[in-house]
Amino acid sequence: MARVGVFVCHCGTNIAGVVNIPEVLEAAEKMPMVVSATDNKYSCSEPGQASIREAIIENNLNRVIVAACSPRMHEITFRRALASAGLNPYLLEMANIREQCSWVHSDNKEIATNKAIEIIKMAVAKVIRHEPLYPRQVGITKRALVIGGGITGIQTALDIANAGYGVVLVEREPSIGGRMAQLDKTFPTLDCSACILTPKMVDLSQHPKIKLMTYAEVKKVTGFIGNFEVEILHKAKKVDHLKCIGCGICWQKCPEKVPSEFDLGLGKRTAIYIPFAQAVPPKPVIDLSHCRYTKYLTWVATGQEGKKPPECRICEKLCPTAAIAWDQEEQLFTEKFGTIVVATGYQTYDYSHYKEYGSRDFADVITGLQLERLMSASGPTGGEVTRLSDGSHPKTVAFVCCVGSRDQQRGRPYCSKVCCMYTAKQAIMLKEHDPEVQCYIFYIDVRAGGKDFEEFYLRAIDEAGVIYIKGRPSKIYQDGKKLIVLGEDTLMGRPVEIPVDLVVLATGMEPSAGADELARNLNISYDTYNFMVEAHPKLRPVETHTDGIFVAGACVGPRDIPECVAQGSAAAAKVAALFSQDTLTTEPLIAVVNQARCIGCLLCVTICPFKAVDYQTTQDGRLIAATNESLCKGCGLCIAACRPKAIDLRGFTNQQILDEVAGLWL
Amino acid sequence: MAVSHEPRIVGFLCNWCSYAGADLAGTSRITYPANIRIIRVPCSGRVDPLFVVKSFQLGADGVLIAGCHPGDCHYTEGNYHTRRRFALLRPFLDYLGIDQERFRLEWVSASEGKKFSEVVADFTETLKRIGPREI
């Protein structure tokens, strides 16, 4: 038998100034199962809570109504008060008679008083159906998975590992380093990118708490916060990295040369390769799509038609440690993790949609990232900026900003944030390489918001003599050896036509290929451009709506290096805070299945946004739904969808809500 | 005909947006007609069509469901289910002899206290115009 106590709060004059409290108390006493109705000047204050505590014990109450402010304000406070009186905290219901009554109906005290009485009546009808609920404790696997080995992932992994927790870093390329490894210098300090990145890469590979998995991909994710199970696919390297010492004979002697992805097609690599000289791990993989021996094997397997390819196997013959492993196959491993950090970064926009800029047809129209490789001392030209068409040194260079950024027509309306600064940097660097170079930068707006950015942009104008032209070029075409850039100087209001030797397109950022597939696997949201969506853009920038999964860096949106590093560290701090606990407490207000009623239609399984409903087979062979208490967020979508009413939401059961409605007409 | 008919509205408000929006109307001291009785639900997607029909059966003059704007659902997609579910329920109300105008689905965010008060005022006005229900 329910024994309900009603506590009506004055909230000073906030409620009592409008609502007639004695009248409310008189009405409350007559409500079903109410054994006591008292008022309080400030229920949330310590004396207020004490009087609730005392009344619970004195009147042997087992249900409590606090008629006061919004439950969003003080539900937790009063739950604690119940707990301190030895009552289950979930036997509380709040009647919101301040925000939704006295404050909005101050114009008519009589109506407000009536409404307050009805609100309490509804709350009483609901609280009678309350059941004691108990939070559950679940264990945590104190090991983090970091997806992506760019600067963000490296920073995250190092910070988590330095906090004393195990980390696995998965990178799909043969080496970590990401985009930052491709850069020559970084703005606005002109630090050498490799000089500040590669020591971190080495730190990571040597850290006792970090396990590095390169040439591997995350395939499937199940489980929930503290207890994820992740399937990781290890692609076939065909090289035993335990035996390999990274001496480099194989990739020096391999006869098959292919365009290097790392050098964006500007240089060559071999079929057995490390992507770049400072790669971590410094051990090669064999690119099977180009390996001669693989081609030979395919030729044998397909009936030996056509010309016989060479059998090659030079790497195998030369390897001093017999590390070449032709029988190595791709392998799928399942590992357990407590949290996952997504740091999959970005790729640059493919400008082949820009027909007016030649759609990759002109050899001397290159992208900003390609120019980075040309300027890099470890790049394909050894740091000399030359034209791809004839190898000459360009003397006039035009930069075009916002290619694949701020362009509605190409479906890329967002600003890529880093391009303004990296074009300024590249113009300054070109001037340093060759003082005779004249740079022109076509821009829409110069966005130099950042520490020392504006000064850096002014330096490009003052010291490097860069000419900034406001306007997006309308056409680029070849005229003899020169490229002609046609555009409009919108500030001067006149057309411009500039013959240049080299055009650099500042291509914008877009999420790495496959980001959407990964997001679906992880059950986190992504936007129309496939950027990951954070839980709150201001206040929860590295969290997602799926507990235990964090996002950091350029996979969330365009970011520069310092922001990526900061986000990586932020995600690591979140992970460390989680791992500092031994168990996790789960909210008991979740969906539960009545197995006897379930007909196994499993509509709930498809409707649940959190993959929290699964199915199982009963002993008598029936298929029924089963909820996962750790994954369920208590939204109640499945409940409204359930036809036989076999699933219900604790705290908001069908019966409770129906009784609440009916309470209005009691 | 009654001289002044005071309609009763049952409002199902999602905890994260609309209930917070209603709270904000209070915090901002925006007055609106006292005809609504609010029931807090975790998500507008929690609202079973049965709740709506039951409210009408018990004598509600109007039923309001308010949730986060499409795309803003705390549970990512709950309000999409709400939208579809009640697009189906609406024509069924005719069959029950309930004017479709008595049922409303609105998107009210946590920052739209003003909008919430306007929704209630407008809905109350509409229900007054239609008059009491003939059961």
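**View 1. A cluster of aromatic rings in chain A.** Ring pairs link Y293(A), Y296(A), W299(A) and W326(A) into a cluster, where rings of Phe, Tyr and Trp (its six-membered ring) count as paired if their centres lie within 6.5 Å, with planes under 30 degrees apart called stacked, over 60 edge-to-face and the rest tilted. The model shown here is predicted, and local features need pLDDT of at least 70, while side-chain atom pairs count only at pLDDT 80 or more and totals for chains, interfaces and linings use all residues. Residues are numbered from 1 along each chain as its sequence is written, chains are lettered from A and ligands numbered from 1 in the order in which they are written, and side-chain values use heavy atoms, with hydrogens and water left out.

**View 2. The ring pair of F187(A) and F453(A).** Over all chains, a search of the whole structure finds 18 aromatic pairs. In the pair of F187(A) and F453(A), the ring centres are 5.3 Å apart and the planes stand at 80°, so the pair is edge-to-face. F187(A) belongs to the loop between β8 (185-186) and β9 (191-192) of chain A, and F453(A) to helix α13 (residues 453-462) of chain A, so the pair ties together parts that are 266 residues apart in sequence; helices (H or I, at least four residues) and strands (E, at least two) are DSSP runs, numbered from the N terminus. F187(A) is buried at a relative accessible area of 15%, and F453(A) is buried at 8%, where buried means under 20% relative accessible area, exposed over 50% and partly exposed in between (1.4 Å probe, protein chains only).

**View 3. The ring pair of Y414(A) and F531(A).** The planes of these two rings stand at 75° and their centres are 5.3 Å apart, so this pair is edge-to-face. Because Y414(A) lies in the loop between β21 (396-403) and α12 (419-433) of chain A, and F531(A) in the loop between α14 (515-522) and β29 (549-551) of chain A, the pair ties together parts that are 117 residues apart in sequence. Y414(A) counts as buried at 13% relative accessibility, and F531(A) is buried with a relative accessible area of 3%.

**View 4. Arginines over tyrosine rings in chains A and B.** R269(A) lies over the face of Y273(A), at 3.8 Å from the ring centre, and R40(B) lies over the face of Y19(B), at 5.6 Å from the ring centre. A charge sits over a ring if NZ of Lys or CZ of Arg is within 6 Å of the ring centre and within 35 degrees of the ring normal.

**View 5. Helix α6 of chain A.** The 12 residues of this helix (residues 151-162) should span 16 Å at 1.5 Å a residue, and the end C-alpha atoms are 16 Å apart, which agrees; the expected span is 1.5 Å times one less than the number of residues. The helix α6(A) is mostly covered, since 10 of its 12 residues are buried, among them I151(A), I154(A), L158(A) and A161(A).
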